[in-house]
Amino acid sequence: MSSVVSEKFSGFLDSVNTRYRRLEWAAGDVVAWLKWSQRRRTVIMVAASFFAIVLALAGLTVTYVTFADLIHPLPYVMEKTAPTPSTRRLASLAQNETLGFGGIAYLSMPYRTDRQDAIELLGSVYGINFTYIPGVDGGSIVEKAKPLHHYWLRPQELGCWRAHVDAWRYLLESDFETLLVLEDDVDFDANIHDVFELLSTQMQHNRIRTTPATEHERKTAPYGLDWDVLYVGQCSDRSNENRLDLVHIYEDPNMPSRHETFDHFVGQLQSLGIHGRNLGKMRAIAPAWSPVCTMGYAITRQGAERLILDLSYRGITAAIDIDIIRKLQQGIIRGYSITPPLFSAWRVDGAKDSDNQGLENDQTKLGSGNRNGYSHSMKTSARKQMAKLLELHNWDDVDRVIPRRPSPTMTAEQEAEEEEEVRKAHIEKKEIEKAWTERKLEMANIMEAWGG
Ligand SMILES: *[C@@H]1O[C@H](CO)[C@@H](O)[C@H](O)[C@H]1NC(C)=O
Ligand SMILES: *[C@@H]1O[C@H](CO)[C@@H](O)[C@H](O)[C@H]1NC(C)=O
């Protein structure tokens with residue numbers, strides 16, 4: 001009897017024991033989980049603080065970029081002078097075929113007929129008269145004709161120097177007062193005439209002039225004649241820090257957005273006090289101090305004389321753009337540069353397409369045409385826009401001029417009128433198609449006659 005009780009009791013104790021163990025394990029699990037989750041909490045807290053800091057910084061940056069123009073008012077904006085009828089008339093000369101300059105020359109190696117095609121096509125589409133000046137192979141210049149210290153230059157640089165001197169000479173030989181010199185791979189804004197017209201208005205009010213514009217300048221020189229070089233297509237520039245008082249800033253509706261503007265130019269604009277929303281809105285005219293590249297610049301007759309004197313007659317000291325920088329900094333010539341520039345390079349195959357790197361890699365064979373190129377710092381690329389302007393959907397366009405179905409609200413009379421128009425348009429289309437078929441036949445006959 002007692003053994004039965006004791007057996008039951010010990011059975012009961014066992015089960016309590018087992019339950020207690022289970023409880024203990026469960027508690028152990030909870031403690032372990034708590035410890036683990038503490039670590040997790042710490043990790044989460046650290047990560048959250050990190051993201052909070054990153055978010056706050058991003059927020060501050062966005063706020064700064066958005067409102068920086070309020071914190072930094074533009075330091076070099078002239079008080080607004082309303083253009084007078086005479087300044088407006090002078091500026092409107094930028095609408096002419098040479099953008100208000102005496103002439104426009106472009107340099108291109110004779111074998112780059114692809115680039116010449118492109119420039120001439122652009123000229124026709126945008127109403128610009130580009131005059132071809134052949135590029136020069138440095139190796140073809142005879143020893144005696146080479147300038148003093150020419151040995152500083154690679155043959156390609158010497159050829160480049162020669163072609164630019166030829167352009168300056170073209171100005172001296174002409175009756176122009178100014179010449180815009182371009183290289184053959186430029187792109188520009190589709191509204192280039194307006195861009196230059198605005199530049200002229202601004203230059204007529206700029207603060208760099210040391211003497212008031214003469215009667216002659218006010219009548220015929222949209223950009224004045226008080227400079228030697230006017231950089232409108234540099235790869236980069238840096239300002240003379242001692243003459244920031246001469247900077248002139250103006251708003252241009254054809255400015256590329258900040259995002260489309262090459263970083264270097266954004267930096268240059270910031271160094272001139274343009275921040276926030278004013279980036280992508282304002283251009284700057286500044287004394288040219290360190291303009292690299294000779295992709296696009298204008299010269300005056302006096303500028304051409306000084307350049308030929310100092311960069312040919314007296315010899316040279318470096319590649320042409322570097323030499324011009326030296327003359328600018330020595331005060332031998334004076335000029336402005338426009339940032340961001342009004343001309344930018346149309347890049348087809350990156351540097352491979354360049355003619356300045358020599359022909360060792362036979363770059364003449366590497367071209368992939370003018371398609372698929374790009375240019376930076378342009379609001380509306382003239383080259384891209386040109387393709388759209390010339391686009392034609394063949395006979396689809398004819399369909400498009402045929403009026404749509406009459407709307408239900410039309411009177412019977414209007415309906416009849418419209419039907420008549422549709423009928424006429426159809427006849428016209430048939431006639432055009434017939435003429436085209438005849439033309440094709442005619443062409444086929446001609447080809448046959450030629451034995452083709
Ligand atoms: C355009 O205007 C400029 C400035 O007056 C002038 O020198 C040039 O000859 C004009 N160009 C044409 C093609 O008329
Ligand atoms: C383009 O300019 C050149 C050089 O001034 C001139 O000889 C030529 O007649 C001009 N062409 C047109 C179409 O105006």
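How far apart should the ends of helix α5 be at 1.5 Å a residue, and how far apart are its end C-alpha atoms? Before selecting anything, note that this is a predicted model, in which local features need pLDDT of at least 70 and side-chain atom pairs count only at pLDDT 80 or more, while totals for chains, interfaces and linings use all residues. Residues are numbered from 1 along each chain as its sequence is written, chains are lettered from A and ligands numbered from 1 in the order in which they are written, and side-chain values use heavy atoms, with hydrogens and water left out.

**Whole chain**

Show the protein chain as a cartoon, where 12 helices and 10 strands can be traced (DSSP runs numbered from the N terminus, helices being H or I of at least four residues and strands E of at least two). Of its 452 residues, 41% are buried, meaning under 20% relative accessible area with a 1.4 Å probe and protein chains only.

**Helix α5**

Select residues 192–203, the 12 residues of α5, which should span 16 Å; the end C-alpha atoms are 16 Å apart, in agreement with that expectation (the expected span is 1.5 Å times one less than the number of residues). Because 10 of these 12 residues are buried, α5 is largely enclosed by the rest of the structure; among the buried ones are I192, V195, F196 and M203.

Now pick H193, which belongs to α5 and is buried at a relative accessible area of 12%. Apart from its neighbours within four places in sequence, H193 is in contact with A94, Q95, N96, L99, Y126, G127 and I128, where contact means heavy atoms within 4.5 Å.

**Helix α8**

Move to residues 301–313, helix α8, and colour its buried residues, G303, A304, L307, I308, D310, L311 and S312. These pack against α4 (155–173), β5 (229–233), β8 (296–300) and α9 (320–330). Just after α8, select G315, whose phi is positive at about 100 degrees.

**Ligand 2**

Finally, centre on ligand 2 and display the residues around it, E97, N129, T131, Y170 and F176 (each with a heavy atom within 4 Å of it). A polar side-chain atom of N129 lies 2.3 Å from an oxygen atom of ligand 2, and an N or O atom in the side chain of E97 is 3.4 Å from an oxygen atom of the ligand; a polar contact is a pair of N or O atoms within 3.5 Å. Taken alone, ligand 2 exposes 360 Å², of which the protein buries 34%, with accessible areas from the Shrake-Rupley method and a 1.4 Å probe.

Terms used
Polar contact = N/O pair within 3.5 Å; in protein donor to acceptor, adjacent residues only side chain to side chain. Buried < 20%, exposed > 50% of the residue type's maximum accessible area, 1.4 Å probe, protein only.
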